[in-house]
Amino acid sequence: MANEPPDTSPSARATDLRLADAWLARHGLSGARSTPLLASRLAVRGRARLAAATIPALLIVASALAAVPAFDGHEPHRPLPLLALTALVAGLLLAQSLLDWWVRRVDQRAGATLSRRAAHPIQPSWRAVLGLPYAVFAVATFAGAMALAGSALAVSDPTVRQLAVVLLIGLLGVTAITAVQLRHLLRRPVVAEDEESLTADVIMRVEDARDLTTPSVQWSLPMVLLFGAAPGWWSAAAVANVVLGMVACIALRFRTPSSATVARQVMSVR
């Protein structure tokens, strides 16, 4: 069994174990026992997800700040805010890469302590982890947001075009960050010593991949930057894009199999 982290207090370990028990119950694995390995992996995963959630928030705030010169009516083509936003996007991409490296390193160290490994461990493909419906939704969301940005670039108003450039930088940045996260999910080492922990490993991957398809930045950034400043037809298209996207997202959540069901399907075809 995995060794418990030496720098974790007994109360923290007990809390992590209780949370792991609750996680197993939510995913129909109540018969499985919570282990220090699973508890520590879930704890690290939770901290990493919390840190990663700040990245899109920083991107939205930075994009809004970069758009301020265009809103004030003076020197709408100043390049400095755009360069600063591009540099920030590069920094956020590096931060996400380091965060993923940290999680992968923790998993590798946990796997090295296992007394035995699950027989025939699997490395799920993108179809198993993300699934075709979620992949199509992610591509459609990106295409819709890019179409909004492109149509704003065609407007004759220089202020709207400047805001559209800011929007394009933000959209390309969040797409690159999402691609880095998905690559990490697909390459993350399998850490399991039995059938149940292997199922839990796949469930975590599927959950993380589905969370990546929630297009918070792709929906909010056009509204923050261009809603009200662009022509009325553009604002109507932006609202329609959000409404249709939300309907599709809700339909996916209710009509596709749960992460636990997907994990069992993956296990059955090993």
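This is a predicted model: local features need pLDDT of at least 70, side-chain atom pairs count only at pLDDT 80 or more; totals for chains, interfaces and linings use all residues.

Trainee: How many helices and strands are in the protein chain?
Mentor: There are 11 helices and zero strands. Read from the N terminus, the elements run α-α-α-α-α-α-α-α-α-α-α.

Trainee: And what share of the residues counts as buried?
Mentor: Of the 270 residues in the protein chain, 44% count as buried.

Trainee: What about contacts between residues at least 6 apart in sequence; how many join residues at least 24 apart?
Mentor: 79% of those contacts do.

Trainee: Let's move to H4. What span should that helix have?
Mentor: Helix H4 covers residues 80-112, which is 33 residues. At 1.5 Å a residue it should span 48 Å, and its end C-alpha atoms are 48 Å apart, so the two agree.

Trainee: Which residues of H4 are buried?
Mentor: Pro-81, Leu-82, Leu-85, Val-89, Leu-92, Gln-96, Leu-99, Asp-100, Val-103, Asp-107, Ala-110 and Gly-111.

Trainee: Why look at steps of three or four along a helix?
Mentor: An α-helix has 3.6 residues a turn, so residues three or four places apart point the same way. Look at the buried set again with that in mind: Leu-82, Leu-85, Val-89 and Leu-92 are among them.

Trainee: Now H7. How far does that helix reach from its first C-alpha to its last?
Mentor: Helix H7, residues 158-187, reaches 44 Å with its 30 residues. That is close to the 44 Å expected at 1.5 Å a residue.

Trainee: What caps its N-terminal end?
Mentor: Asp-157 does. One of its side-chain oxygens lies 2.9 Å from the backbone nitrogen of Thr-159.

Trainee: I also marked Leu-163 in H7. Buried or exposed?
Mentor: Leu-163 is at 0% relative accessibility, so it counts as buried. Leu-163 and Ala-64 are 99 residues apart in sequence, yet their C-alpha atoms are 9.3 Å apart in space.

Trainee: Switching to packing. How do the axes of H6 and H10 cross?
Mentor: The axes of helix H6 (residues 132-153) and helix H10 (residues 232-255) cross at roughly 175° and come within 11 Å. That angle makes H6 roughly antiparallel to H10.

Trainee: What classes of residue make up the contact of H6 with H10?
Mentor: It has 12 nonpolar, four polar and one charged residues. The H6 side includes Tyr-134, Phe-137 and Leu-148, and the H10 side includes Trp-233, Trp-234 and Arg-253.

Trainee: Tell me about Trp-234 in H10. Buried or exposed?
Mentor: Trp-234 is buried, with a relative accessible area of 0%. Its side chain reaches the backbone oxygen of Leu-148 at 2.8 Å.

Trainee: Which residues does Trp-234 touch, leaving out those up to four places away in sequence?
Mentor: Leu-148, Ser-151, Ala-152, Pro-222, Leu-226 and Phe-227.

Trainee: Last one: where does His-27 lie?
Mentor: His-27 is in the loop between helix H1 (10-26) and helix H2 (36-66). At 10% relative accessibility, His-27 counts as buried, because the cut-off is under 20%.

Definitions and conventions
Residues are numbered from 1 along each chain as its sequence is written. Side-chain values use heavy atoms; hydrogens and water are left out. Helices (H or I, at least four residues) and strands (E, at least two) are DSSP runs, numbered from the N terminus. The expected span of a helix is 1.5 Å times one less than its number of residues. Buried means under 20% relative accessible area, exposed over 50%, partly exposed in between (1.4 Å probe, protein chains only). Axes are lines fitted to C-alpha atoms, for helices over the stretch in contact, and angles run from 0 to 180 degrees between N-to-C directions. Angles under 35 degrees count as roughly parallel, over 145 as roughly antiparallel, 65 to 115 as roughly perpendicular and the rest as oblique. Contact means heavy atoms within 4.5 Å. Ala, Val, Leu, Ile, Met, Phe, Trp, Tyr, Cys and Pro count as nonpolar, Asp, Glu, Lys and Arg as charged, and the others, Gly among them, as polar. A polar contact is a pair of N or O atoms within 3.5 Å; within protein, one must be able to donate a hydrogen and the other to accept it, and residues adjacent in sequence count only if both atoms are side-chain atoms.
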